[in-house]
Amino acid sequence: MAAGDNVFLFVPNLIGYARLALSPVSFYLMPRAPGPAAACYGLSALLDAVDGQAARLLGQGSRLGAMLDMLTDRLSTMGLLLNLALLYPGAAPLFQLSTALDVASHWLHMHCTTLEGGGEPQGRGGGGAPPAPPLLQLQAPPLPALRRQ
């Protein structure tokens with residue numbers, strides 16, 4: 001990757017822009033047409049897996065891409081939970097709590113990663129994120145197609 005490459009046009013970031021476009025479409029469709037909404041949301045989730053692989057494969061990891069990815073994840077999750085709160089008002093407090101925990105946990109993770117010096121994404125000279133806490137390491141390993149190489 002040359003020094004003059006435009007980070008805004010990196011392939012993983014273009015994929016991220018597509019995800020950003022799919023999110024409001026799925027939010028709009030959720031109360032009106034659940035099938036197409038689920039298709040848009042699912043495609044966005046699939047593209048989330050693809051953009052990370054593309055970044056590593058093409059050596060196009062960037063801070064912008066990492067921030068765009070996290071922002072899109074948070075917005076997608078919040079939009080889904082807000083729509084679920086509208087559809088199931090009795091469960092709204094649980095969806096609100098879930099939204100707050102999601103945002104707080106990811107903010108804390110990013111803040112801690114930055115403090116530990118791991119703020120540079122993998123593939124751009126940094127070591128990537130620190131290892132997950134022991135409790136999170138108990139979860140099932142990622143699918144082979146989603147593993148870091």
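Modeller: Let me begin with helix H3: at 1.5 Å a residue, its 25 residues should span 36 Å, and the end C-alpha atoms are 36 Å apart, which agrees. The expected span here is 1.5 Å times one less than the number of residues. Please keep in mind that this is a predicted model, where local features need pLDDT of at least 70 and side-chain atom pairs count only at pLDDT 80 or more, while totals for chains, interfaces and linings use all residues. Residues are numbered from 1 along each chain as its sequence is written, and side-chain values use heavy atoms, with hydrogens and water left out.

Colleague: What makes a stretch a helix, and how many helices does the protein have?
Modeller: Helices (H or I, at least four residues) and strands (E, at least two) are DSSP runs, numbered from the N terminus. By that rule the protein has five helices and zero strands, so the order from the N terminus on reads α-α-α-α-α.

Colleague: How does the span of H2 compare with what its 25 residues should give?
Modeller: At 1.5 Å a residue, H2 should span 36 Å; its end C-alpha atoms are 35 Å apart, which agrees. Just after H2, Gly 59 takes a positive phi of about 65°.

Colleague: Which residues does Leu 47 touch?
Modeller: Contact means heavy atoms within 4.5 Å. Leaving out residues up to four places away in sequence, Leu 47 touches Ile 15, Ala 18, Arg 19 and Leu 22. Leu 47 and Ala 18 are 29 residues apart in sequence, and their C-alpha atoms are 8.3 Å apart in space.

Colleague: What makes a group of residues a nonpolar core, and which residues form the largest one?
Modeller: A nonpolar core is a set of buried Ala, Val, Leu, Ile, Met, Phe, Trp, Tyr and Cys residues joined through side-chain atoms within 4.5 Å. The largest has eight residues: Ile 15, Leu 22, Leu 29, Met 30, Ala 37, Cys 40, Leu 47 and Ala 54. Two or more residues each come from H1 and helix H2 (34-58), and H2 gives the largest share, four residues.

Colleague: What do the buried residues of H2 and of H3 pack against?
Modeller: Those of H2 pack against H1 and helix H3 (63-87). Those of H3 pack against H1, H2 and helix H4 (92-115).

Colleague: What makes Arg 32 count as a charge over the ring of Tyr 28?
Modeller: The rule asks for NZ of Lys or CZ of Arg within 6 Å of the ring centre and within 35 degrees of the ring normal. Arg 32 lies over the face of Tyr 28, at 4.0 Å from the ring centre.

Notes
Buried means under 20% relative accessible area, exposed over 50%, partly exposed in between (1.4 Å probe, protein chains only).
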